[in-house]
Amino acid sequence: MTDKTSSSSKDDPRMAATRLAAVQAVYELDMMDVAVDDVLADFTEDRWRAADEDIVDEMARPRPELLKTLILGVNERRADIDAQLIPALTGAHTLNELEALLRAILRTAGYELMVRDNVPARTVISAYMALGDAFYDDGGQIKLIGGILNAIARTLRPAEFKAAS
């Protein structure tokens, strides 16, 4: 799959906004008893209906098609994503023991690593670590995100890491 959304979120504020909105939607799906279609409608139509294409970086509008892909993908492939996350968790953690926001970040990033091979694994890892940094003051959580995603990426995309070695 080749598209304009493969740039890093650092270079593309809309990509960062898309990932942030996707994590928020995945969090909402995890925490509330609501249908994925309702969450999709809320995140793709209602929240940014009045947003202008030329708004400043801090208020960038998510890319609706990619946002929909991420939300639906995480929802549909949650068991596959969790199967990748569970062995990557460090000894003291289980998936259910992680706070919901951390699970949402890891699941959304895990989906991207599984499916969006047009985006380099290191770009995905960096983007979600940066997203985690927006929520957590403790560097330990960001390191945890990076470590888990790195482990998953090395399992799912070993060629990307062999070429760099």
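I first listed the residues in contact (heavy atoms within 4.5 Å) between two helices: Arg19, Leu20 and Val23 in α1 meet Val124, Ala127, Tyr128, Leu131 and Phe135 in α6. I sorted this contact of α1 with α6 into 7 nonpolar residues, no polar and 1 charged. For this I counted Ala, Val, Leu, Ile, Met, Phe, Trp, Tyr, Cys and Pro as nonpolar, Asp, Glu, Lys and Arg as charged, and the others, Gly among them, as polar.

I note that this is a predicted model, in which local features need pLDDT of at least 70 and side-chain atom pairs count only at pLDDT 80 or more, while totals for chains, interfaces and linings use all residues. Residues are numbered from 1 along each chain as its sequence is written, and side-chain values use heavy atoms, with hydrogens and water left out.

I then looked up the geometry. Helices are DSSP runs (H or I, at least four residues), numbered from the N terminus. Axes are lines fitted to C-alpha atoms over the stretch in contact, and angles run from 0 to 180 degrees between N-to-C directions. Helix α1 (residues 13-31) packs on helix α6 (residues 121-135) at about 65°, the axes being 11 Å apart. The two are therefore roughly perpendicular (65 to 115 degrees).

For helix α3 (residues 64-76) and helix α5 (residues 100-115), I found axes that come within 9 Å and cross at roughly 100°.

Lastly I checked pLDDT, the predictor's confidence in each residue from 0 to 100. The chain mean is 84, and 82% of residues reach 70 or more.

Definitions and conventions
Parallel < 35°, antiparallel > 145°, perpendicular 65-115°, else oblique.
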